[in-house]
Amino acid sequence: MNILITGGAGFIGSHVVRRFVNTHREYNIYNLDALTYAGNLENLRDIEDAPNYHFIKGDIVDEGFIKGLFEKHRFDGVVHLAAESHVDRSITDPLAFVRTNIIGTVNLLNAARDLWKDQTADKRFYHVSTDEVYGSLGAEGLFTETTSYDPNSPYSASKASSDHFVRAYGETYGLPYVISNCSNNYGPNHFPEKLVPLFINNIIENKPLPVYGDGKYTRDWLFVEDHAVAIDLVFHKGKNHETYNIGGFNEWQNIDLVKLLCKLMDQKLGRDAGTSEKLITYVKDRPGHDLRYAIDAGKISKELGWRPSVTFEQGLERTIDWYLSNEEWLNHVTSGDYQEYYDKMYAQ
Ligand code: NAD
Ligand code: TYD
């Protein structure tokens, strides 16, 4: 089986690639990634020499290239994670999100449809999406698989659009697909622009911790390795043409999460209790900021037997330990030097 994983040099993608390469040795895993600012091959150093792993640098927006790639490698399955993924960037440059998240996804769908035609037995297009497509919850309630789409940011609108295209290809062309919509991930290899890694980095560097608005926004947090396990399960056992919500059963208001992070970081860094909390700075709110996300992960739990394996404290501790012992990774990412790694590794 030739399996294409897109966006495998990114945060979640690198954990998915590692899991597939290590646990499905019978597959040839092709990691296709454009290596944007968020893609970093240093995330995959430990498996880059595995015989069943292949890296391809390329852009999913390039229609001809994608078509040729599918014809050349005749993929049996696709796990599609490549995306522009940061809400704040989507507010300043929505078109980048339209290009990669919508046009890029449709290019992949066309290539899979044209390759597989009506020979779809044992073929699967897995689209990895986000709970943000459902919009914002009030104080009560949970997102289920049947919650109406109601995206509020250019990022979530582009992901919602791509979800709809995947569904439409299933209905119109009979493309075999599954979709999952997951809550906020945290863990090792997370680019320090998102809340958790940004704040870990700022605490290390004694920089202000910019909390948007009143800090009362709520997210459900899932350790990234647990998401990778769920993706493996949905890819292999999920029902055709179905959606699975994935979440951590773990809701936190931003300000409480930040205070917990400060407490754990003070302990790890040997600083006096309360030191890092002094860095908290309330800043201007994000426009269109969704108040609350919370996932009902009952379907994947009941049907596929999946549950998160670590508690939030355990996951956060592992995350902090990883950042503290991977100073070089953090330095390369924050200085942009990680891009040189690619040039060195893949220089002709
Ligand atoms: P990320 O930004 O860390 O990684 C995205 C990867 O895609 C990068 O390696 C980047 O180089 C690559 N990429 C971007 N544009 C590309 C293009 N045009 N062609 C090829 N590769 C391209 O993102 P992430 O946080 O790992 O998210 C991965 C997927 O999971 C996304 O689809 C995202 O919507 C979804 N998701 C993320 C979260 C989360 O909390 N991070 C939660 C639920 C769902
Ligand atoms: P983020 O990690 O960007 O994920 P998302 O917007 O996809 O949920 O943000 C998580 C929460 O943290 C969100 O409510 C916005 C907030 N936030 C801050 O308060 N300050 C920051 O610097 C960032 C990046 C996010």
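Ala, Val, Leu, Ile, Met, Phe, Trp, Tyr, Cys and Pro count here as nonpolar, Asp, Glu, Lys and Arg as charged, and the others, Gly among them, as polar. By these classes, the shell around ligand 1 has 14 nonpolar, 12 polar and 4 charged residues. The model is predicted, so local features need pLDDT of at least 70 and side-chain atom pairs count only at pLDDT 80 or more, while totals for chains, interfaces and linings use all residues. Residues are numbered from 1 along each chain as its sequence is written, chains are lettered from A and ligands numbered from 1 in the order in which they are written, and side-chain values use heavy atoms, with hydrogens and water left out.

**Ligand 1**

- Ligand 1 is surrounded by 30 residues, and the closest are I12, D33, S85, Y155 and K159; a residue is near a molecule if one of its heavy atoms lies within 4 Å of it.
- The side chain of D33 places an N or O atom 2.5 Å from an oxygen atom of ligand 1; a polar contact is a pair of N or O atoms within 3.5 Å, and within protein one must be able to donate a hydrogen and the other to accept it, with residues adjacent in sequence counting only if both atoms are side-chain atoms.
- Backbone atoms also take part: a backbone N or O atom of I12 lies 2.8 Å from an oxygen atom of ligand 1, and a polar backbone atom of N185 is 2.9 Å from an oxygen atom of ligand 1.
- On its own ligand 1 exposes 840 Å², of which the protein buries 96%; accessible areas come from the Shrake-Rupley method with a 1.4 Å probe, and for residues only the protein chains shown count as cover.
- Two or more residues of this shell come from each of α1 (11-23), β5 (124-130), α5 (154-173) and β7 (184-186); helices (H or I, at least four residues) and strands (E, at least two) are DSSP runs, numbered from the N terminus.
- The largest share of the shell around ligand 1, 3 residues, comes from β5.

**Ligand 2**

- Around ligand 2 there are 18 residues, the closest being E132, P210, R219, R286 and H289.
- By class, these are 9 nonpolar, 4 polar and 5 charged residues.
- A polar backbone atom of L195 is 2.9 Å from an oxygen atom of ligand 2.
- Ligand 2 has 510 Å² of accessible area on its own, and the protein covers 96% of it.
- Helix α6 (195-204) and strand β8 (209-212) each supply at least two residues of the shell around ligand 2.

**Salt bridges**

- The structure holds 14 salt bridges, each a side-chain nitrogen of Lys or Arg within 4 Å of a carboxyl oxygen of Asp or Glu.
- One of them joins the side chains of R286 and D88 (2.6 Å, N to O).
- R286 lies in the loop between β12 (280-283) and α9 (298-304) and D88 in helix α3 (residues 87-92), so the pair ties together parts that are 198 residues apart in sequence.

**Cavities and a pocket**

- On a 1 Å grid over the protein atoms alone, a cavity is a set of points where a 1.4 Å probe fits but cannot get out, a pocket is an open set with protein on both sides within 12 Å along at least five of seven lines, and lining residues have an atom within 4 Å of a point.
- Grid points are joined across faces, edges and corners, and a volume is the space filled by probe spheres set on the points.
- There are 2 cavities of 30 Å³ or more.
- The largest cavity has a volume of about 40 Å³, and its lining includes E132, R219, R286 and H289.
- By class, that lining has 2 nonpolar, 3 polar and 4 charged residues.
- The second largest cavity has a volume of about 40 Å³, and among its lining residues are N43, N189 and W329.
- Its lining has 6 nonpolar, 3 polar and no charged residues.
- The second largest pocket has a volume of about 190 Å³, with N43, N189 and W329 among its lining residues.
- Helices α1 and α11 (327-335) each give two or more residues to the lining of the second largest pocket.
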